[in-house]
Amino acid sequence: VWFNAVQKKEEDFEEEEEEEEEAPDEPEPEAGPPLLTPLSEDAEISGIPPWSMKASSTLIPQYAIAVVRSNLWPGSWTFAIGKKFENVYLGWGHKYSPENYSPPAAPTVQAEYASGPDTTEVDDPTVEEEQALRAAIEERLAAAEEAEEEEEEEEEEEDEN
């Protein structure tokens, strides 16, 4: 039932008959479709169907819930299972229009960084393992220095001969 909040009482009409010429036009009541009309009778919006329908699950269809989403009123959803149904509206109260501004889509999510020996997580070494590694590195350096010294001595002996 539609109620006109601007409608005046009869007493007000008698007093303001002269001012009626200057008053703005009263809004006309809206007439919508009758209740419980079939969805197939709803008008399309620029070639887009007014409703989108899908099942909540394809794995177990006998327990799936029917989900109907309105394309005319974004945010309007209806869920049904058997003869039970519920309507939910989570939106801004604006009808869909192709001329409305729509923000650009978010960029695609980047792929994860490639996993390799440089990026693979490993456990931190213990103190003893670090000390053993340092000792091994020092031994290699000392061995390399001795090898260089021997090579230099051999070169000097060859130069002398």
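Let's start with serine 70, which sits in strand β2 (residues 66-70); strands here are DSSP runs of E with at least two residues, numbered from the N terminus. Keep in mind that this is a predicted model, where local features need pLDDT of at least 70 and side-chain atom pairs count only at pLDDT 80 or more. Residues are numbered from 1 along each chain as its sequence is written, and side-chain values use heavy atoms, with hydrogens and water left out.

**Around serine 70**
- Serine 70 is buried, at a relative accessible area of 3% (buried means under 20%, with a 1.4 Å probe and protein chains only).
- Its side chain reaches two backbone nitrogens: that of leucine 72 at 3.3 Å and that of tryptophan 73 at 3.0 Å.
- Leaving aside residues up to four places away in sequence, serine 70 touches Pro50, Trp51 and Ser76 (contact means heavy atoms within 4.5 Å).

**The sheet**
- Four strands make an open sheet in the order β1-β2-β3-β4, with antiparallel pairing (two strands pair if DSSP finds at least two bridges between them).
- At the edges are β1 (51-55) and β4, each pairing on one side only.
- In general, strands of a sheet pair through backbone hydrogen bonds.

**Strand by strand**
- β2 and β3 pair over four bridges in the antiparallel sense, and arginine 69 stands opposite tryptophan 77 in β3.
- Strand β3 (residues 76-81) pairs with strand β4 (residues 84-89) over six bridges, also antiparallel.
- Alanine 80 stands opposite phenylalanine 85 in β4.
- The β3 and β4 hairpin has two residues between the strands, and glycine 82 there takes a positive phi near 65 degrees.

How values were computed: Buried < 20%, exposed > 50% of the residue type's maximum accessible area, 1.4 Å probe, protein only. Polar contact = N/O pair within 3.5 Å; in protein donor to acceptor, adjacent residues only side chain to side chain.
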